[in-house]
Amino acid sequence: MELFENLQRTELSELGEFGLIELLTKNIELKNQSTLKGVGDDAAVIDVSPDKLLVSTDVLIEGVHFDLAYTPLKHLGYKSVAVNLSDIAAMNGKPEQITVNIAVSNRFSVEALEELYQGIYLACNRYGVDLVGGDTTTSNSGLFISITVLGKAPQEKITYRNGAREGDLICVSGDLGGAYIGLMVLEREKRVFEVNSEIQPDLEGYEYVLERQLKPEPRLDIVAKFEETGVLPHAMIDISDGLASEIIHICKQSEVGCRLFEEKIPVDLQTEDIAKKLGLVPVTMALSGGEDYELLFTVPQSDFETINAMENISIIGYITDKAEGMNLITKDDKLFELKAQGWDAMLNREKKIAE
């Protein structure tokens, strides 16, 4: 008796994370009128009139998404909340509640879990979010964290990935690549420590990129700016898998093309300096590094003056006709097609989008 219908074996690596998600969800049929948006965006949308309910969930697995050799438990708790709140920000919504589910092995003490929850509570307090439930169970190997976030937004202000229009300006908050560079620094120091445990980590001068990796912040402040200025993005997504991967999501779902300009992509000076010291190309880290949790969005050209006046927002390109493809214009005016997948956490490896 076969356990699975498929008699042939396909390795997960052949599909990758996004290919597997598409395969497993392509036959979903929504059965309830209250389900306005299911799989395929940063959060589901449920009709709870007058506002709409936004729902998103993430799983973080030890050894895949985080390494406790260099990740403090308090930071991990904070980050696990922050990355979920970022999904609600990407829908132009306001997060209000979370549930927390953990599976933990007996190598963790009560004090260790208290430290983890200190970070969770810190993030909840900072962003005015209520922890309303969850589940705790045992694990045979390591730590698993699953958080579900609930948020709200008026239906007319919810921003999806599929609304980009030809001529739109492509914008991004903050700066990119820092989280990945921070990860590279931590991995380097871990390798040194494994060779000689007498050598203490050399982290001086890396504070910014380490914070970008260990303690990201959801850009709910940008959502507040949209509300203040009356800007309503046509399309939006948060940058968890790298800039190139995310703009590809927007373009495919909106059936458009794009042009990004290398010289416009914001990279912090410390990120750029450290990347070069590590022998890495800064723009490649911005395109493919992931885990920056900044907001990538498109707006009509009529919003140029308003967007241009906002702090921490960069205009990095524009939306084109689908036939023109998805491209990067380099500083020396060469055109490269954006292709790859970015950070594929499921397979525990980073794929390069641009070299």
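**Strands, a helix and confidence**

Tutor: In this predicted model, strand β7 (residues 169-173) and strand β10 (residues 295-299) pair in the antiparallel sense over four bridges.

Student: What makes β7 and β10 a pair?
Tutor: Pairing asks for at least two bridges. β7 and β10 have four bridges, so they count as a pair. Among the partners, Cys171 is bridged to Phe297 in β10.

Student: How do you know that β7 also pairs with strand β11?
Tutor: By that cut-off of at least two bridges, the five bridges that join β7 to β11 (residues 313-320) make them a pair, and they run antiparallel. Leu169, for one, has Tyr318 of β11 as its bridge partner.

Student: Why is β7 called mostly covered?
Tutor: Buried means under 20% relative accessible area, and five of the five residues of β7 are buried.

Student: Which residues of β7 lie on each side?
Tutor: Leu169, Cys171 and Ser173 are on one side, with Ile170 and Val172 on the other, and all are buried. In a regular strand, side chains alternate between the two faces of the sheet.

Student: What do the buried residues of helix α5 pack against?
Tutor: The buried residues of α5 (residues 207-214) are Val209, Leu210, Arg212, Gln213 and Leu214. They pack against α2 (73-89), α4 (178-195) and α8 (269-277).

Student: How confident is the predictor in the protein chain?
Tutor: On a scale from 0 to 100, the mean pLDDT is 89, and 92% of residues reach 70 or more. Over residues 343-355, though, the pLDDT is below 50.

Definitions and conventions
Residues numbered from 1 in each chain as written. Predicted model: local features only at pLDDT ≥ 70, side-chain atom pairs only at ≥ 80, totals over all residues. Heavy atoms only, no water. Buried < 20%, exposed > 50% of the residue type's maximum accessible area, 1.4 Å probe, protein only. Helix = DSSP H or I, 4+ residues; strand = E, 2+ residues; numbered from the N terminus. Contact = heavy atoms within 4.5 Å.
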